[in-house]
Amino acid sequence: MSNKKISIIYVFFFIIPYILCLSIIGVSYNSLVLHALTWRIVVGGIVGAFGMFAVKVIAQRPVLIMYRSSTRKVLKELLHFFVLERSKIVIGANLFVDFWLSMASIYLVAKFLPLNLILGRTLGWLVFLLMISLTLASYLEFESLSIYTEKKK
């Protein structure tokens, strides 16, 4: 797999969904909790961090395949941060970053979106965009990232 293809898949399979998942956390938490910008934002950050961690665990196989296929140093380092099989320090760093990004997402959604938009169709549109991004990424390179291999006769 070429570095160009890895970069495109990385954008559609990880970067865009990562931003959309953070937005989903912000919209969901603000629609559930009326006073989200008090001490409750810490609870939202904790829940969001573990939710993001669960999403990253699901994507470990494609991340490892792309990491091993990449030859560009910058791309390899970006992918390496998402590999959670290495050590507890990396897992802790991922949780820490996700905690702060989840809190930032909750804060930004509460500050910049009106309540009627938060409670409206925003969540549905975010999930729709997430599905489109993941579908495009899967279409681009399903065979290379698949855990299923075709048996040759």
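This is a predicted model: local features need pLDDT of at least 70, side-chain atom pairs count only at pLDDT 80 or more; totals for chains, interfaces and linings use all residues.
I then checked the UniProt record. Its unreviewed entry annotates residues 89-110 as "transmembrane region", along with residues 7-29, 41-59 and 122-142. I looked at residues 7-29 as well. They are 100% helix and 0% strand, and their end C-alpha atoms lie 31 Å apart.

**Entry 1: helix α5.** Helix α5 covers residues 88-112. What span should its 25 residues have at 1.5 Å a residue? I get 36 Å, and the end C-alpha atoms are 36 Å apart, so the two agree.

Next I asked which residues of α5 are buried. I found V90, N94, D98, F99, S102, M103, S105, I106 and V109. A reminder to myself: an α-helix has 3.6 residues a turn, so residues three or four places apart point the same way.

What do the buried residues of α5 pack against? I noted α1 (3-32), α2 (40-58), α4 (73-81) and α6 (115-118).

**Entry 2: the largest pocket.** The largest pocket holds about 340 Å³. I counted 17 residues in its lining. F13, P17, V55, A59 and L134 lie nearest the centre.

Which elements give two or more residues to this lining? They are α1, α2, α3 (60-69) and α7 (122-145). Helix α1 gives the most, with five residues.

Last, I sorted the lining by class. It has 14 nonpolar, two polar and one charged residues.

Methods. Residues are numbered from 1 along each chain as its sequence is written. Side-chain values use heavy atoms; hydrogens and water are left out. UniProt positions are given in the numbering used here, feature names are shortened, and annotations may be inferred rather than shown by experiment. Helices (H or I, at least four residues) and strands (E, at least two) are DSSP runs, numbered from the N terminus. The expected span of a helix is 1.5 Å times one less than its number of residues. Buried means under 20% relative accessible area, exposed over 50%, partly exposed in between (1.4 Å probe, protein chains only). Contact means heavy atoms within 4.5 Å. On a 1 Å grid over the protein atoms alone, a cavity is a set of points where a 1.4 Å probe fits but cannot get out, and a pocket is an open set with protein on both sides within 12 Å along at least five of seven lines; lining residues have an atom within 4 Å of a point. Grid points are joined across faces, edges and corners, and a volume is the space filled by probe spheres set on the points. Ala, Val, Leu, Ile, Met, Phe, Trp, Tyr, Cys and Pro count as nonpolar, Asp, Glu, Lys and Arg as charged, and the others, Gly among them, as polar.
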